[in-house]
Amino acid sequence: MMDETWEPLAMTVHLLANSGHGSLLQQTLDQLLDCICPEVRVFLVSERVSPVKYYDKCHSKRSRFPGMSVLLFLHESLGKERLFRVLDSLQHWPWQCYPTQNAQGRPCPYILASQEFYSLDNQMPVWGVRQVHCGTEILRVTLYCSFGNYEDAIRLYELILQREATLQKSSFCFFALYSTKSFALQLSLKQLPPGVSVDPKEASVLQFKVQEIGQLVPLLPHPCVPISHTRWQTQDYDGNKILLQVFLFGLHDL
């Protein structure tokens with residue numbers, strides 16, 4: 001059951017599809033997430049005017065790691081058939097299995113090596129499903145941070161969200177963005193080992209609602225450019241795209 005007081009989501013994830021594919025991808029995501037969070041729409045798909053050519057950034061000999069993942073933690077008490085239904089949907093088009101080896105045949109970085117992940121596009125987040133035995137169900141959006149950027153990333157997202165991160169261990173933390181008695185939405189940050197660099201997903205953009213932009217802009221690590229009267233675009237330390245939308249909390253009640 002939803003809370004009585006409506007609050008806008010502090011974060012949404014915008015996915016940029018090629019022309020003609022937006023409606024299909026939005027429907028695919030809505031159907032997948034209807035089982036866990038039908039009351040909120042976290043992922044919004046829009047279309048590009050024309051496809052963007054992504055240049056291969058993998059010439060470095062160092063391992064590269066996908067910059068963003070989405071994990072669904074589903075409760076076993078709600079039935080195994082539900083879990084199997086979600087897993088089955090991820091194994092059918094337009095979903096694709098995320099490769100466990102890179103182009104040179106080497107295993108992917110350790111975090112993905114023993115787990116199954118799926119994606120709608122190689123420039124969109126990778127998705128996975130996990131079974132939980134207790135607590136609430138969770139939709140967790142994770143940003144993977146290069147080793148030296150992790151501490152700075154925590155401070156950056158604390159600044160944007162105006163709340164402190166919950167530290168679970170030295171290399172992992174999360175922000176609670178929305179919750180009910182049975183569901184929680186989280187943004188988490190995961191520190192990668194030294195020598196592993198991040199591969200930002202170019203068709204994935206995190207949008208945050210902020211109350212004020214003027215004092216925030218000088219504190220950001222990269223230039224922040226206005227793209228409309230209410231939205232500004234920047235990026236974090238590892239190149240993940242960020243949109244800041246000025247939103248006056250409370251005006252929706254007027």
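Author: **Salt bridges up close**

Glu-202 forms a salt bridge with Lys-241, and their closest N and O atoms are 3.8 Å apart. A salt bridge here is a side-chain nitrogen of Lys or Arg within 4 Å of a carboxyl oxygen of Asp or Glu. This pair links distant parts of the chain: Glu-202 sits in the loop between β12 (197-199) and β13 (204-210), while Lys-241 belongs to strand β16 (residues 241-246), 39 residues apart. Helices (H or I, at least four residues) and strands (E, at least two) are DSSP runs, numbered from the N terminus. Lys-241 is partly exposed, at 24% relative accessibility; buried means under 20% relative accessible area, exposed over 50%, and partly exposed in between (1.4 Å probe, protein chains only).

A word on the background: this is a predicted model, where local features need pLDDT of at least 70 and side-chain atom pairs count only at pLDDT 80 or more, whereas totals for chains, interfaces and linings use all residues. Residues are numbered from 1 along each chain as its sequence is written, and side-chain values use heavy atoms, leaving out hydrogens and water.

The count comes to 5 salt bridges. Another one joins the side chains of Arg-82 and Glu-137, at 2.7 Å from N to O. Arg-82 lies in helix α2 (residues 80-90) and Glu-137 in strand β8 (residues 137-145), so this pair ties together parts that are 55 residues apart in sequence. Arg-82 is buried, with a relative accessible area of 10%, and Glu-137 is buried too, at 5%.

Asp-199 and Lys-201 also meet through their side chains, at 4.0 Å from N to O. Asp-199 counts as buried at 16% relative accessibility, and so does Lys-201 at 7%.
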